[in-house]
Amino acid sequence: MRKHIAVAVGIMVLAAQAHAAGVRSEVARTSYGVVHVKANDYRSLGYGAAYAYAEDNVCMLADTLLTVRGERSRYFGGDAEATAPRNGEYGAAMDLFFKLRNVDSDFFFKGYLDLDQLRAGYAAGSADVRELLAGYADGYNRFLADHRSRLPKACRNAAWVKPITVDDVYLLIAEKAIHASGEVFAAAIVGASRDPAAAPPSLNKSMPAAMKPLPRGIPAGVGSNGLALGRDATANGRGILLGNPHYPWTGTDRFYQLHMTIPGKYDAMGVSLGGLPLVSIGFNKHLAWTHTVTAAYHFTTFMLTLDPSDPTGTTYYYDGAPIKMTERNVTVDVLQADGTIATKQRTFYFSKHGAVIVMPDSGVDWTTQTAFVLGDANRLNTRLAEQWLAIGKADSVGALQRSANAIAGLPWVNTIAADSDGNALYIDASVVPHVATERFASDCMLAPTLLALDGSRSECEWGQDPDTPKGVFGAANMPTLIRQDYVVNSNDNYWLTNGRAPLTGPEPYGYSPLYGTPGTQPTLRTRLGLVQLEGALAQQQFLRTSDVQDLLFSNRVHAAELVLPELLSACFNSHDLRLLSPCAVLTAWDRKADVDSRGAVLFREFWNTVRTRADLWAVPFDPADPVNTPRGVATDAMPALLAALRDATAKLHSLGVPLYGRLGDYQTQTRNGRRIGLHGGQGDEDGVYNVLTMATDLTSSGYRDVAWGSSYIQLIGFDNAGPVAKGVLTYGQSVDPLSPYYADQLSLFARKTLVTLPFTEAQIRTDRNYSRKVLTDK
């Protein structure tokens with residue numbers, strides 16, 4: 001078979017064995033390694049996207065595929081944990097969601113993900129999605145064939161870098177879907193599994209008395225800011241969108257800048273999540289959208305009543321009839337110290353509602369009388385890819401809303417969008433179990449702390465909305481708001497989507513408690529977002545994209561704005577010589593978290609010790625004034641605050657960190673041996689809009705390297721011709737230190753610089769760093 005390879009602008013593709021006949025994919029790059037893939041069909045589109053992603057991140061992707069296949073123990077041993085970043089190159093660890101030994105990780109993914117059901121879900125869904133994902137597998141394999149001898153050092157000649165099938169891509173997407181549900185309970189699911197070669201364990205006769213609230217999902221702080229302006233708030237009457245996700249800087253959930261085009265069918269640009277061939281946050285000619293991690297729950301538990309005549313505890317009653325749990329037997333290969341391979345086995349148990357879980361510390365136990373199972377709305381969610389494709393095709397916020405209602409595939413995110421007609425949309429169209437408010441007040445809810453429904457009665461199953469997948473909420477019950485002024489979200493629940501018109505839900509019961517509760521206290525980050533937006537609108541009335549960029553990078557520390565006036569007055573009035581220097585530093589500080597801000601480190605160390613005090617505020621939270629309360633330092637709390645300031649001062653002295661030190665000298669990210677000073681704050685904790693969560697606490701050399709925070713930033717407006725887009729991928733396209741795209745965008749972020757994102761063919765071809773190659777197999 002003859003291979004036709006097109007070459008342009010000095011880039012050459014070596015002839016290689018391709019696995020998909022008829023592929024033709026044009027892969028162009030523009031400045032900072034931004035990838036533009038153009039094809040005539042979805043298979044070729046996925047092919048080019050995978051090839052490009054592997055060029056930048058092949059080791060990380062190969063390591064991630066090991067994880068979802070349950071093969072980490074085969075190559076790295078059972079007791080090790082997932083690969084941590086190597087010299088800044090890459091890491092496959094998913095520490096934000098769970099941290100397990102390789103053997104337990106392998107058992108979880110093999111035992112919990114059900115490939116047969118995933119295949120069935122995709123078979124019943126969109127043919128375009130199936131072609132896209134099949135092309136992705138083939139494109140990855142083509143890259144390996146072309147570059148096997150030239151892989152990055154981290155995975156060169158590694159046996160675990162090997163060809164994949166579309167099944168692997170299904171598993172890759174399934175892992176993304178369960179971030180806020182099954183993955184949170186990975187240890188509890190593995191903990192409930194049994195060794196099939198051993199005798200059944202002795203079960204307790206009763207549950208522990210204490211029940212603790214279940215983990216909510218993705219950890220707090222791993223979230224985002226989303227802001228959409230409508231025609232009543234913009235200078236040209238068209239929409240403006242700011243997308244500012246706060247996501248990991250290492251590991252499998254790094255974003256990747258990608259533009260995907262099938263002429264006449266699909267044309268969307270933005271970023272994919274973990275390298276998947278899907279624009280998950282982005283824009284097209286008429287619409288821009290972003291996501292924030294939702295405060296909603298995406299699971300419940302079910303309490304089963306067990307048949308006492310079964311000593312194994314694996315028979316439960318359902319509508320009065322005994323039903324045997326289904327079993328899933330899993331085998332994992334484990335590398336031994338002598339290089340041999342041993343096999344280990346576990347059996348996982350499922351009721352019709354989900355997998356059995358054991359969390360004794362939370363009061364979730366498997367006893368002779370009861371067992372708990374996890375009802376996970378995302379375990380078999382194969383609609384995720386179809387949903388993102390549909391969003392990319394939508395030409396208005398109304399079209400986006402209709403697709404979200406019909407497909408209901410978004411796993412754990414809110415959606416904020418703006419269109420060229422000047423409409424702004426907020427919707428929590430994430431997959432949320434259909435447990436209505438009235439169900440919480442019924443006898444079906446056996447343990448509200450555990451979200452535990454009665455698993456022995458069919459009447460207590462998740463409900464159903466018309467024209468929506470079974471068991472999840474549909475259009476009428478999703479928090480939704482369309483405005484012409486603005487909508488915002490910074491990971492609090494839906495109710496303060498617009499500060500002028502709080503969202504409370506339909507009468508008479510409102511939205512399900514699984515979405516959150518109106519009237520709850522917002523974080524300082526949410527409050528600052530509303531304070532500065534309303535302030536800008538009051539001052540200017542109509543905003544431009546440059547004004548929104550200023551809001552993002554204002555780096556105001558709202559906690560300081562709230563407490564310093566009274567704290568500094570008390571500080572100087574105390575006549576405590578130990579406080580003269582810190583008081584002087586905080587007085588001179590600009591109350592920002594900019595690179596040049598002097599005093600930001602001192603305030604952060606002080607604030608982190610006092611911010612959770614119950615007696616801190618003089619004016620308590622008032623749901624009628626949620627943006628401006630709580631406020632004012634309580635008189636009785638002031639002595640403790642002054643003591644905390646003395647302690648923070650002593651801490652900095654002991655570490656050799658000057659009180660007046662620049663934040664950028666102590667908040668840094670290292671790339672190729674160079675430390676780059678960064679702006680940004682802690683977010684929810686200190687009320688900074690632009691978030692960086694550092695990997696270490698303060699040391700003598702500062703806070704070292706970013707764990708998660710501002711990652712992909714996009715700022716999209718519209719003119720008569722289409723989108724006017726700027727953005728930055730803070731950590732860059734590649735995890736390979738030898739790549740030109742490894743550190744090139746980090747300095748842009750450090751300078752608060754957003755660069756033009758070329759969208760049209762003319763813009764792409766005139767980019768000063770344009771290059772193009774064509775992958776074919778005919």
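**Turns, salt bridges and hidden spaces**

N672 is exposed, with a relative accessible area of 53% (exposed is over 50%, buried under 20%, and partly exposed in between, with a 1.4 Å probe and protein chains only). The model is predicted, so local features need pLDDT of at least 70 and side-chain atom pairs pLDDT 80 or more, while totals for chains, interfaces and linings use all residues. Residues are numbered from 1 along each chain as its sequence is written, and side-chain values use heavy atoms, with hydrogens and water left out.

Back to N672, which sits in the loop between β25 (667-671) and β26 (674-677) (helices are DSSP runs of H or I with at least four residues, strands runs of E with at least two, numbered from the N terminus). N672 also has a positive phi, about 50°, even though N672 is not a glycine. Q541 is another non-glycine residue with a positive phi, this time near 70°. Its place is the loop between α11 (524-540) and α12 (545-552). A further backbone feature turns up at T629 and P630, which are joined by a cis peptide bond with omega of about 0°. P630 belongs to the loop that runs between β23 (617-619) and β24 (631-633).

Along the chain, V222 and H246 are 24 residues apart, but their C-alpha atoms are separated by 5.7 Å.

Next come the charged side chains. Side chains of opposite charge can pair when their charged atoms come close. With a salt bridge taken as a Lys or Arg side-chain nitrogen within 4 Å of an Asp or Glu carboxyl oxygen, the count comes to 40 salt bridges. One of these joins K38 and E761, at 3.8 Å from N to O. K38 is part of strand β3 (residues 35-39) and E761 is part of helix α19 (residues 761-765), so this pair ties together parts that are 723 residues apart in sequence. K38 is partly exposed, at 30% relative accessibility, and E761 is partly exposed too, at 36%.

R119 and D116 show what a local pair looks like. Their side chains meet in a salt bridge of 3.0 Å, N to O, and both residues lie in helix α4 (residues 115-123), three residues apart, or about one turn of the helix. R119 counts as partly exposed at 35% relative accessibility, whereas D116 counts as exposed at 54%. In the pair of E459 and R457, the side chains meet at 3.3 Å, N to O. Here E459 is exposed, with a relative accessible area of 52%, while R457 is buried, at 18%. Salt bridges can also join up: R29, E55, D56 and K773 are linked in a network of them.

That leaves the empty space. Rolling a probe the size of a water molecule over the atoms shows where such space is left. On a 1 Å grid over the protein atoms alone, a pocket is an open set of points with protein on both sides within 12 Å along at least five of seven lines, a cavity is a set where a 1.4 Å probe fits but cannot get out, and lining residues have an atom within 4 Å of a point. Points are joined across faces, edges and corners, and a volume is the space filled by probe spheres set on them.

The largest pocket holds about 780 Å³ of space. Its lining is made of 26 residues, and nearest the centre are K352, H353, D376, L380 and W462. Strands β13 (326-335), β14 (341-351) and β16 (370-376) each supply at least two residues of this lining. By class, the pocket lining splits into nine nonpolar, eight polar and nine charged residues (Ala, Val, Leu, Ile, Met, Phe, Trp, Tyr, Cys and Pro are nonpolar, Asp, Glu, Lys and Arg charged, and the others, Gly among them, polar).
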